[in-house]
Amino acid sequence: MLFKEVSEYYQKLEDTTKRLELTDILRELISKLDSDDIDKVIYMTQGKLHPDWYGYPEIGMAEKTVLEVISATSGLPLEKVTVLLQETGDIGLAAEKALKNKIQQTIIQEFEPLTVQYVYNQLDKITRMTGKGSSEDKKRLFSGLLHRATPLEARYISRIVTGNLRLGIADMTIMDALSIALAGSKASREDIERSYNICSDLGLIAKNILLNGVEWLKTIKLKVGVPVRMMLAQRLSTIEEIFEKIGRCAVEYKYDGERFQIHKNGSEIKIFSRRLEAITDQYPDAVDIIKEYLKSDTCITEAECVAVDPDNGEILPFQQLMHRRRKYEVEEAVETYPVKLFFFDCLYNNGQQLVDKSYLERRSILEKIVNVDEKCDLATQIITDSVEEFEKFFHEAVSAGCEGVIAKSISEESFYQAGGRGWLWIKYKRDYRSELTDTLDLVVVGAYVGKGRRAGTYGTLLLACYDHVNDVFKTVARVGSGFKDEDLSYLSTTIKPLIIRSKHPRVESNLEPDFWILPKLVIEVKGAELTLSPVHTCAFSKIKNNVGLAIRFPRFTGRIRDDKSPEECTTEEEVIEMYNNQLKRIK
Ligand code: ATP
């Protein structure tokens with residue numbers, strides 16, 4: 001396919017905000033693609049060139065270089081191109097406008113039109129160029145592309161090279177469109193999602209359906225090295241409710257660290273984060289622990305990685321572990337914040353796929369393959385049906401530095417539900433009595449300018465939860481407290497590049513903040529309670545006509561959830577459930 005055609009579809013996608021229309025436009029695009037192009041177009045539609053877990057460097061040419069190339073290609077002086085960027089606030093629109101320049105129009109006639117293959121391959125080369133002299137090489141390749149691009153193509157190519165292709169399309173919509181385009185109806189949607197949960201690669205799925213038909217979806221198996229989307233937990237606020245739900249169960253400490261999915265193939269180790277990013281390089285010490293204490297040759301396991309106090313081996317709070325990501329060079333971090341791994345699941349072992357085995361079977365395999373030591377352990381666990389025993393264990397967990405516990409079903413069907421937040425795992429946390437049962441992970445969708453001490457940064461953030469049925473973000477709080485100075489400066493720099501000119505199509509809000517923010521950054525918030533609110537769109541008219549739900553006295557906990565994608569934040573459904581639980585407790 002020509003890249004021109006893809007660009008025209010992208011423009012149509014940008015022009016609509018309705019999910020059904022988005023799906024339909026995407027369906028039409030997908031149905032025109034052949035097996036050489038389909039994976040590439042799917043990745044670009046997701047705003048990337050490869051799934052994140054491939055571990056390739058992110059695309060992201062410096063804006064300055066891109067402006068220079070646009071100027072050279074269009075014949076417009078650099079100052080004018082810079083003004084175009086300031087006016088539009090978007091490198092893509094600036095490139096498009098610049099290339100509408102007359103000189104370019106005459107040059108373009110001489111070139112062959114760009115194909116998807118060519119554009120993708122050149123962009124891929126640009127991404128992978130590293131080291132000395134690479135910036136000149138990148139510039140040369142980008143310039144080659146831009147010389148041959150139409151103004152509309154230039155819009156998307158420039159956005160891609162700067163890592164800014166914001167089509168606002170979620171994986172859910174892509175999966176809907178794939179099913180209708182390639183399988184004729186939504187009938188294969190569930191199989192597509194199941195496969196996605198196992199291989200985390202929509203491009204690969206699309207390509208294989210096209211080549212091998214939808215039957216291929218049924219044959220997909222776990223593969224060591226390819227991350228599995230992680231199983232998540234529901235929450236409840238009383239032990240009685242937990243027993244009502246799953247009966248006699250296993251209860252494990254809920255460690256407060258970073259989740260690891262560990263893929264071991266002989267001496268080759270890969271660690272994936274909760275967002276399925278390859279994070280192996282950040283944790284050389286964890287890799288050593290895995291090599292030494294994980295006995296199986298080939299396996300996929302999960303563990304929580306926790307920072308420990310080097311002086312006494314005690315578990316440290318999550319924030320300490322996050323220091324490793326932000327402030328320190330890896331080597332220094334390994335010294336200052338040593339880690340310990342607590343294994344809690346096993347998905348695959350020496351040729352045997354275990355996701356369809358019960359919790360107890362998986363745990364017993366885990367016990368056989370993990371060598372316990374001071375740097376490596378299994379999640380502390382009991383099996384019980386007694387409220388007293390559960391409660392006592394919970395207090396032990398908290399005093400050992402954990403957030404609480406996770407109750408896990410031990411029924412025959414207690415499988416590993418890849419990508420699911422079902423009732424087989426139920427978390428029960430420390431602060432359930434004092435105020436809201438749980439913290440909420442919310443997406444920043446807007447910001448208000450700060451005053452006084454906060455002048456020059458943001459005073460308040462507008463936060464939203466995720467409505468997974470309609471694939472939109474709905475506001476639920478304005479948070480202005482809990483921010484330390486260092487948080488404010490970190491948030492300021494993180495938020496600035498995410499500012500967009502108008503409300504993002506996937507955000508539903510009745511409020512008008514000073515800045516609209518691209519829904520990307522997830523932060524953790526705590527609140528006193530949930531109240532009915534006429535201003536927020538979360539649960540609007542779902543509990544009572546014309547009012548939604550809001551968090552009362554929200555405050556930032558200090559925790560930025562960069563391990564969560566916006567679609568993984570607290571859902572509207574969960575907020576409603578928290579509200580209902582709160583009502584039950586008040587009664
Ligand atoms: P939260 O926001 O409460 O930290 P989350 O939304 O990141 O949780 P949940 O599904 O709510 O994810 O809780 C499960 C998380 O708890 C896992 O992702 C994992 O990181 C962590 N965890 C700690 N100990 C365990 C354990 N023993 N078993 C499973 N998960 C555990």
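A residue counts as buried when its relative accessible area is under 20%. In the predicted model described here, Cys299 has a relative accessible area of 0% and is therefore buried. Cys199, with a relative accessible area of 6%, is buried as well. The structure holds 0 disulfides. Cys299 accordingly takes part in none, and the nearest cysteine sulfur, which belongs to Cys346, lies 6.0 Å away. This distance can be set against the cut-off for a disulfide, under which the two sulfur atoms must be within 2.5 Å.

The domain assignment divides the chain into domain 1 (48–161), domain 2 (171–219), domain 3 (232–432) and domain 4 (438–586). The centres of domain 1 and domain 4, taken over C-alpha atoms, are separated by 35 Å.

Two packed helices are described by the angle between their axes and the distance between the axes. Helix 4 (residues 63–74) packs with helix 5 (residues 78–88) at an angle of about 120°, and their axes are 9 Å apart. Helix 4 is therefore oblique to helix 5. The crossing of the two helices is right-handed. Helix 4 contributes Glu63, Leu67, Glu68, Ile70 and Ser71 to the contact, while helix 5 contributes Leu78, Val81, Thr82 and Leu85.

Ser492 is placed in helix 21, which covers residues 485–495. Ser492 has a relative accessible area of 9%, so this residue is buried. When residues up to four places away in sequence are not counted, Ser492 touches Thr457 and Tyr458.

Conventions:
Residues are numbered from 1 along each chain as its sequence is written. This is a predicted model: local features need pLDDT of at least 70, side-chain atom pairs count only at pLDDT 80 or more; totals for chains, interfaces and linings use all residues. Side-chain values use heavy atoms; hydrogens and water are left out. Domain bounds come from an automatic or database domain assignment. Helices (H or I, at least four residues) and strands (E, at least two) are DSSP runs, numbered from the N terminus. Buried means under 20% relative accessible area, exposed over 50%, partly exposed in between (1.4 Å probe, protein chains only). Contact means heavy atoms within 4.5 Å. Axes are lines fitted to C-alpha atoms, for helices over the stretch in contact, and angles run from 0 to 180 degrees between N-to-C directions. Angles under 35 degrees count as roughly parallel, over 145 as roughly antiparallel, 65 to 115 as roughly perpendicular and the rest as oblique. A crossing is left-handed if the near helix is turned anticlockwise from the far one by less than a right angle, and right-handed if clockwise.
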